[in-house]
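Please keep the following view open while I speak.

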Amino acid sequence: MTPPAEQRAVHDEEAGTGPDETTGEGPTDTNPAETGAPRSGGAPAERDPKTTETPPTPEDAPSTPATPGGPAASGGSATSDGPSAPRAPAASGDSAASGGSAASGEAAAWSLPAGTGGSGSGGGASGADGRVTVRHAELTRALTGLRDQIDAFQFVLDVPGVAEARETRLEIRNQLDDYVLPRIQAAGTPLLVVLGGSTGAGKSTLVNTLVGARVSATGVLRPTTSSPILVCHPDHAEWFLSGPMLPGMGRVRGPAPDAIAGDQLVIIGSEALPPGLALLDSPDFDSVFEDHYEFATKLMAAADLWLCVTTAARYADAQVWQMLQRAKDNGASIGVVLSRVPQGAGSEVVEHFGEMLAENGVGDARRFTVPETRIEDSRLPEEAVEDIRSWLVGVAEDSGDREVVVGDTLAAVLDSFRTRVPELAKQVEVQVEQRGELAQRVESSYSTALAELDEATRNGSLLRGEVLARWQDFAGTGDLLRALHVQRARRGRAANRRRRSPARVRALKAALRSGLESLIMASAEHAAEQVIARWREHPAGGQVLSGPAAALGHASPELSRRVTRAVSAWQDHVQELIRTEGVTKRSVAKLVSFDTEAVSLVLTVGLLGYGTSDVNVESGNSAVPQRLLKALFGAESLRGMGAKARADLRSRIGMLFDEEAIRFGQALDAAGIPDETVPVQLYQATYNLEVAR
């Protein structure tokens, strides 16, 4: 990692405006730290971290994407997977470098991470404010779209890994709202340093010492920090009170730290801090109160720089390293403070702590040590924190160094979305897969019911009881024969007069309609019961059935009315087929004409399987429908009408079942289970963000 002062020198040399090779002196015309202009006007955007006129953005990240373990100058990442070797601070008079050199007494002086993803690099690319504004708008739009997509779903089903997925979703959502969007939209705001650590590590004491007053409660009772305390220069107090940072937390103007509790952010103004610096004392992340951990992680994600405070007695606790790893994964710039280092054996502890930092991939974090010493009025002696104060104030007062830190953190956070959001989408796909399995069971149940019903309308099982009695009454009393009329040479008005259907024809038609309706209703009822039973067998089905879906085990109340309309319409369709497509054989047409309604009933009885082996038909007339229809229309014409009539019936029943199945899809929607469009939209939002950068 390269300190900000050295990074600017490297950038200047690459741009051709660095120190003269002969004299060693730099250019004398402009000072970018004072003017905010790029050190070299023609340098590419990714080479110049010094512009201060625009808010930090990762606009140039696609041209120099960050890679884990890569150099900061190429990735803009605040933390890298591979630890870098400690560097000595720059020898120049840069305030950040001077702040770093003061830390060499008790700990190795490890530099701040430097990057090219911040506003300093974005603003100097073209010098055109309009273009920068457009790119900021595009980036804001892409980030807002990503946030909206994350808001659009929930992890409803309790599948393996869902707890981590829910936490990741909340982290990304909060980080977008609490840090990324406000930081991109707010130019010139202070560097926010969040102090986090375990219980009793001395965070509040360190804040009090840096501010020079007791602004955060301390004591022997644990935990002492119930509400986060933010201290900044009075000029920026109003912005933190009403600004966009951490929008989900309430604001209280301090000082009143002992009287405030809960999710209130206490804002305190102090002249002891420079305008470019704000300190936030967060609750302990290992507190017995769960909401303290939530606050600690939320505030960590909103930090430009996260300063982890631990003690020589507890630096090896698992919780400390879990939080450091979390900060690293979330893209935070990290500093560490090892406090209460005992005299004598302190060097061994410091050395071991440094080794653990390197082993855990955060060896490039800037680190400080605070010796075991007296505490008076909730403050440490000034000399104990001189290194930390010098470093923080130096970075904050130098606009260029401040923008490098902010830009590094912002770019690293945006870089982390490249993996965090797709990983989140993969977890959504698990939910989608579970939803698909439940939906497939609905489809399978109704498909099976439709197949069984189709068989029932072929095998003659419907022609029992009332239907069979009405058919035998119709066929055995002469009404069937009277439906066929012998043509006469002359036609009188009686032949053209509209005749009313015989009572037995109407009774047979009603019986067929009633029997078919009952068969469809029973099949729909059975399908609904099967869906509920199969959902109960599925691991995710129980959660869905715990809601309104439990009432779906029966056919819908309005199905009976729809079935009646569908069957009546099908009977009319069969009659229309007889009328329009039932071309009578030429040899028969010379002798007879027929009543279309009566013949359509004969066709219906034949389609429903009259005469099959499992139907006991008396009087030996089981083949009457088929023989009669073949004699009238011929085998080919009969096959065509039968196929069309059967296909139309299946289509109508299929639509009824589809409408019934929709209820279960609506139950899945009501349960909030994401569908297949959600992960696609998350992947698209990630791509849109990369394009905007």
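Let me begin with a definition: two strands are said to pair if DSSP finds at least two bridges between them. What we have here is a predicted model, in which local features need pLDDT of at least 70 and side-chain atom pairs count only at pLDDT 80 or more, while totals for chains, interfaces and linings use all residues. Residues are numbered from 1 along each chain as its sequence is written, and side-chain values use heavy atoms, with hydrogens and water left out.

First, the overall content. The protein chain has 25 helices and 10 strands. Of its 693 residues, 53% are buried, where buried means under 20% relative accessible area, exposed over 50%, and partly exposed in between, with a 1.4 Å probe and protein chains only. Contact, throughout this talk, means heavy atoms within 4.5 Å. Among contacts between residues at least 6 apart in sequence, 81% join residues at least 24 apart.

Angles here run from 0 to 180 degrees between N-to-C directions, and axes are lines fitted to C-alpha atoms, for helices over the stretch in contact.

Strand 2 (residues 229-232) and strand 4 (residues 264-269) give one example of pairing: they are parallel and share four bridges. Within that pair, Ile229 stands opposite Val266 of strand 4.

How many residues of strand 1 are buried? Seven of the seven are, so strand 1 is largely enclosed by the rest of the structure. Leu191, Val193, Leu195 and Gly197 are buried on one side, and Leu192, Val194 and Gly196 on the other. Strand 1 runs parallel to strand 5, with five bridges joining the two, and Leu191 has Leu277 as its bridge partner there. Five bridges also join strand 1 to strand 6, again in parallel; in this case Gly197 is partnered by Val309.

Next, the interior. A nonpolar core is a set of buried Ala, Val, Leu, Ile, Met, Phe, Trp, Tyr and Cys residues joined through side-chain atoms within 4.5 Å. The largest such core has 164 residues, and those with the most contacts inside it are Leu143, Val180, Trp306, Phe417 and Trp535. Helix 14 (residues 399-456) supplies the largest share of this core, 17 residues. Leaving out residues up to four places away in sequence, Phe417 touches several others, among them Leu143, Ile172, Val180 and Leu689.

Helix 14 also meets helix 7 (residues 162-185): their axes come within 10 Å and cross at roughly 145°. The residues making this contact include Ile172, Leu176 and Val180 of helix 7 and Val413, Phe417 and Leu424 of helix 14.

Which loop holds Thr457? Thr457 lies in the loop between helix 14 and helix 15 (465-476). With a relative accessible area of 2%, Thr457 is buried. Its contacts beyond four places in sequence include Leu516, Leu607 and Arg646.

Leu607, in helix 22 (residues 596-607), is likewise buried, at a relative accessible area of 10%. Beyond its neighbours within four places, Leu607 is in contact with Thr457, Arg458, Trp570, Gly642, Ala645 and Arg646. Leu607 and Arg458 are 149 residues apart in sequence, yet 6.5 Å apart in space, C-alpha to C-alpha.

One last item concerns the cysteines. Taking a disulfide as a pair of cysteine sulfur atoms within 2.5 Å, a search of the whole structure finds zero disulfides. Cys232 is buried at 0% relative accessible area, and Cys308 is buried at 1%.
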